[in-house]
Amino acid sequence: MKRWLLWVPLAAFAALVLLVALNLRPTDTTVRSRLVGKPLPAFSLPASLPGKPGLDDAAFRDGKPKLLNVFASWCVPCLAEAPKLLRLKEAGVDIRAIAIRDRPADVRRFLAENGDPYAAIGDDPTSQVQLALGSSGVPETFVIDGKGIIRAQHIGDIRDDDVPELLRVLEAAR
């Protein structure tokens, strides 16, 4: 009987370790931008493609809300969201983009194959602006009001059921 009691402390310690380990797991691993509700950081990006304008923060302070889409031609979820961005453009949404760590030829091919919803595309070869926005990956989309304030962040690809919500947030940002 006494030999059994020797194992009680070890079993209690193992149970405690298991309990702590289970409670240390993050429930939400999504990295959200701390800039929601704040102005866009100052930036100026050259054009990603000839014949299409580059992008700077001043373009978002013209009184009209816009979407800022962070994407890359090599991003599989970006390919999945392309039809939804075209749908938003058809609904009258002004969409600007930042191409992350991409090459002009690849961006051109991506847009030729999947459609081009963008009024302007800035080239961010080192992800400097992406990181300044608090964006942790691609794709991500930000709703920017006409004063250049970030009103919402959509992490991941835009899906069919996200389109009405983005349109509602854009309307509220007017």
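## About the model

The model is predicted, so to speak of local features a pLDDT of at least 70 is needed, side-chain atom pairs count only at pLDDT 80 or more, and totals for chains, interfaces and linings use all residues. Residues are numbered from 1 along each chain as its sequence is written, and side-chain values use heavy atoms, with hydrogens and water left out.

A few terms come up throughout. Helices (H or I, at least four residues) and strands (E, at least two) are DSSP runs, numbered from the N terminus. A residue is called buried under 20% relative accessible area, exposed over 50%, and partly exposed in between (1.4 Å probe, protein chains only).

## An aromatic cluster

Let us start with the rings. Rings of Phe, Tyr and Trp (its six-membered ring) pair if their centres lie within 6.5 Å; planes under 30 degrees apart count as stacked, over 60 as edge-to-face and the rest as tilted. By this rule there are two aromatic pairs. In one of them, the ring centres of Phe71 and Phe110 are 5.8 Å apart and the planes stand at 35°, so this pair is tilted. Phe71 sits in strand S3 (residues 66–71) and Phe110 in helix H4 (residues 104–114), so the pair links distant parts of the chain, 39 residues apart.

Phe71 also meets Tyr118: their ring centres are 5.0 Å apart with planes at 25°, so the pair is stacked. Because Phe71 belongs to strand S3 and Tyr118 to strand S5 (residues 118–124), this pair ties together parts that are 47 residues apart in sequence. Phe71, Phe110 and Tyr118 form one aromatic cluster. Phe71 is buried, with a relative accessible area of 0%, Phe110 is buried too, and Tyr118 counts as buried at 5% relative accessibility.

## Two helices with a buried face

Phe110 brings us to its helix. In H4, the residues Asp106, Val107, Phe110, Leu111 and Asn114 are buried. Seen down the axis of H4, these buried residues fall within an arc of 130°, so they line one face of the helix. The arc is that of the directions from the helix axis to the C-beta atoms. On the other side of H4, Ala112 and Glu113 are exposed.

An α-helix has 3.6 residues a turn, so residues three or four places apart point the same way.

## Salt bridges

A salt bridge is a side-chain nitrogen of Lys or Arg within 4 Å of a carboxyl oxygen of Asp or Glu. The whole structure holds 13 salt bridges. One of them joins the side chains of Lys52 and Asp116 (2.9 Å, N to O). Lys52 is in the loop between strand S1 (44–45) and strand S2 (55–56), while Asp116 is in the loop between H4 and S5, and the pair links parts of the chain 64 residues apart. Lys52 is buried, with a relative accessible area of 16%, whereas Asp116 is partly exposed at 26%.

Asp145 and Arg151 form a salt bridge whose closest N and O atoms are 2.9 Å apart. Asp145 is buried, with a relative accessible area of 5%, and Arg151 is partly exposed, with 43%. Elsewhere, salt bridges that share partners join Asp62, Lys66, Asp94 and Arg96 into one network. Within it, the closest N and O atoms of Asp94 and Arg96 are 2.8 Å apart.

## A buried glutamine

Gln153 is found in strand S7 (residues 150–155) and is buried, with a relative accessible area of 17%.
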